[in-house]
Amino acid sequence: MTVSQDQAEQNKAVVREFFQKVFIDHQVDAGLELMHDNYIQHNQMVPGGKEAMRGAFKKGLEGVSTEIKQIIAEGDRVAVHHHFKFNPDSLGAIVIDIFRLKDGKLAEHWDVMSPVPENPPFPKPLF
């Protein structure tokens, strides 16, 4: 599928808006409006489908925050490199989420997560 650079930028804006609504403002229903009805979740620890995501988000977002460090779009894919925290006192995790967008909505998702180490043996900037 060929996607123009303008469309790739629009896809980035959709993903950024999703992060803002769900993980910053905790407006789950508003964020889920940005998901395709046939949303596919590839994380084995998270339920699949839009309605299952609604339940998971509504149960588990208290204290959660994230800070986007990079967002990259190519074609119908958007990758987000961010610092995710489960609560304000945690060191959090380094996360990369990859989304495929269809018709201006999140259609598919993959992710990788690594905890921020407390005392890393080889300290380097993480972001």
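**Aromatic rings and paired strands**

Modeller: Please bear in mind that this is a predicted model. Let us begin with two phenylalanines: Phe19 and Phe23 are both buried.

Biologist: Why are Phe19 and Phe23 about one helical turn apart?

Modeller: Phe19 and Phe23 are four residues apart in helix H1 (residues 5–24), so about one helical turn separates them.

Biologist: How many aromatic pairs does the whole structure hold?

Modeller: A search of the whole structure gives nine aromatic pairs. For Phe19 and Phe23 the ring centres are 5.3 Å apart and the planes meet at 55 degrees, so this pair is tilted. An angle over 60 degrees counts as edge-to-face. Phe84 and Phe86 have ring centres 5.0 Å apart and planes at 75 degrees, so their pair is edge-to-face.

Biologist: Is Phe84 buried or exposed?

Modeller: Phe84 is buried, at a relative accessible area of 9%, whereas Phe86 is partly exposed, at 45%.

Biologist: Which residue lies over the face of Phe127?

Modeller: That residue is Lys69, at 5.2 Å from the ring centre.

Biologist: How should I read the strands?

Modeller: In a regular strand, side chains alternate between the two faces of the sheet. Here, strands E2 (residues 65–74) and E3 (residues 77–85) run antiparallel and are joined by nine bridges. Ile72 stands opposite Ala79 in E3. The hairpin of E2 and E3 has two residues between the strands, and Gly75 takes a positive phi near 60 degrees.

Biologist: Which strand do eight bridges join to E3?

Modeller: Strand E4 (residues 93–102) is joined to E3 and runs antiparallel to it; Val80 stands opposite Asp97 in E4.

Methods:
Residues numbered from 1 in each chain as written. Predicted model: local features only at pLDDT ≥ 70, side-chain atom pairs only at ≥ 80, totals over all residues. Heavy atoms only, no water. Phe/Tyr/Trp six-rings, centres within 6.5 Å; stacked < 30°, edge-to-face > 60°. Buried < 20%, exposed > 50% of the residue type's maximum accessible area, 1.4 Å probe, protein only. Lys NZ or Arg CZ within 6 Å of the ring centre and 35° of its normal. Pairing = 2+ DSSP bridges.
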